[in-house]
Amino acid sequence: MNEIVAFGKMLWGLIVFLEAGLLALLLYRKNHRKFPFFFTYVLIAFLQSVVLMVSYRLWAFSSSNAVRIGWGTQGIVILGRMLAVAEICRRVLGRYRGIWALAWRMLVGSAVLVLLYALAIAGFEWQLLALNADRGLELTITVVLVMLFLFAHYYELAMDPAVRSLAIGFFLYSCFAVLNDTILESWKYRYAPLWNLVGMLAYLASLLLWNWAVRKKQPEFTLEPALLSQCVYQALAPEINLRLKLLNEHLNRILCPEARRP
Amino acid sequence: MSLFFYLFSGLIGLLLILFLWSVRSTRRRVPPSTRAGVPDECGRRNMAYLPQIRQALAKTDYEFLSKRASREIVRRVRRERRSVALGYLAALRGDFQSLLRMARVIAALSPEVAAVHEFERLRLTAKFAWQYEMIRWKLLAGFAPGPRLDGLSDLVSGLSVRLETAMKELGERAAAAAELASSMNRRGLDVA
């Protein structure tokens, strides 16, 4: 147990160092202007680390004051993370006006649904409210990022390598956070030291990825693709769908020759 | 271990699979506007061979052969015809997919898209994939007769004609955008 605690302390030091490095890199490369919400998130996370460090010095690690400060600041950090993820979604899909209009509604809708689902399935247990809310929000981020990548895949949209790496970092951390929260809930305090450690390792991996992603100066802005006139879509989309429907009926007739023609 | 544990773990597993599947294909992708200039012959290439395919799958041909040739030859011809039907079906699917890709490019480059059309296309594409695989397996197993592929071809060719017009407009707009970008570059603006 002592080894885990010592290793955890070492990891924490490394995390604070990498957070500070990431902030410095963002400022030095002037990438904080291109990713303002991401920069704010890293800043909040860094400040949380400092606040927690001070609180653990003043009170014990498992004291009620330290726990309250820990979960309280965690709420702000998750909010920052959600805004940073929204910024990534905007950066990937925002250039495609039509797709973005469809995507943001779907992303917000699914985020609300997943959050409600996660809270409902947890049974609104007030003792575990912070944990359940944390898991719900992390699960929401995970789902939103999966949907973002599915959108990009389906519409074959180009994704900047840096933005892609940032998104992967967020996904990685949120995935681990959901699993960790679930394991912590099942095994309660027996797992607590290991929970902290695994969570820190996942965050460390994300930090390394983010540092690598913003190591270069990002382009000021990307040129919007030349959009087609609206009438092209209005004319073609229903026709394509109609032909697909006919094709499906045709395939159905091949599959079931005895079926009657409509 | 609670039920929640398995539920959330399963959910995360599913999300991980979906994520990995979609991540691998977003690497080194060309933006839609630069892809728009692809030749729009899709849907036509395989149509040129339709009369020969129809002839190869004709029932009368098969009956004529079974009366005059040995069983071994008949079997071989049947096998070859099946592979021809399968190849043709696959080629048509390829054409259809490229047309679908263009349809997605049009959606991506439209200032407004209708959710109804997008979801409908998604549903129909999934249904097509399912039915295509079923027919393919039936053909492989020797359960299905030579399918009526001519109707299939008509659908593809009709769609490609309309897409040609759209692609022409897309090409013109891409050229205009490139000219705008180069003029901005000349004025010293960073549009990298």
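Chain B of this predicted model averages a pLDDT of 69, with 53% of the residues scoring at least 70; pLDDT is the predictor's confidence in each residue, from 0 to 100. Helices here are DSSP runs (H or I, at least four residues), numbered from the N terminus. Where pLDDT is low, predicted coordinates should not be read in detail. For the complex, the predictor gives an ipTM of 0.78 and a pTM of 0.75.

As for bookkeeping, residues are numbered from 1 along each chain as its sequence is written, while chains are lettered from A and ligands numbered from 1 in the order in which they are written. Local features need pLDDT of at least 70 and side-chain atom pairs count only at pLDDT 80 or more, whereas totals for chains, interfaces and linings use all residues; side-chain values use heavy atoms, leaving out hydrogens and water.

The largest nonpolar core has 92 residues, and those with the most contacts inside it are Phe38(A), Tyr41(A), Leu93(A), Ile99(A), Phe170(A) and Trp210(A). Such a core is a set of buried Ala, Val, Leu, Ile, Met, Phe, Trp, Tyr and Cys residues joined through side-chain atoms within 4.5 Å, where buried means under 20% relative accessible area (1.4 Å probe, protein chains only). Helix α5 (residues 129–154) of chain A gives the most to this core, twelve residues.

Phe38(A) and Phe170(A) make an edge-to-face pair because their planes stand at 85°, with ring centres 5.9 Å apart. This pair joins helix α2 of chain A to helix α6 (residues 161–187) of chain A, across 132 residues. Phe38(A) also pairs edge-to-face with Trp210(A), at 5.4 Å centre to centre and 80° between the planes. That link runs from helix α2 to helix α7 of chain A, 172 residues apart. Ring pairs tie Phe38(A), Tyr41(A), Phe170(A), Tyr173(A), Tyr203(A) and Trp210(A) into a cluster.

Helix α7 (residues 192–213) of chain A spans 31 Å from its first C-alpha to its last, close to the 32 Å expected at 1.5 Å a residue (the expected span being 1.5 Å times one less than the number of residues). Its buried residues include Trp195(A), Tyr203(A) and Trp210(A).

Arg81(A), in helix α3 (residues 64–93) of chain A, is buried at a relative accessible area of 1%. Its contacts beyond four places in sequence include Tyr41(A), Glu138(A), Phe170(A) and Tyr173(A). Asn31(A), in the loop between α1 (2–28) and α2 (36–58) of chain A, is buried at 0%.

Between the chains, the charged end of Arg104(B) sits over the ring of Tyr154(A), 4.7 Å from its centre; the rule asks for NZ of Lys or CZ of Arg within 6 Å of the ring centre and within 35 degrees of the ring normal.

Terms used: Helix = DSSP H or I, 4+ residues; strand = E, 2+ residues; numbered from the N terminus. Buried < 20%, exposed > 50% of the residue type's maximum accessible area, 1.4 Å probe, protein only. Contact = heavy atoms within 4.5 Å. Phe/Tyr/Trp six-rings, centres within 6.5 Å; stacked < 30°, edge-to-face > 60°.
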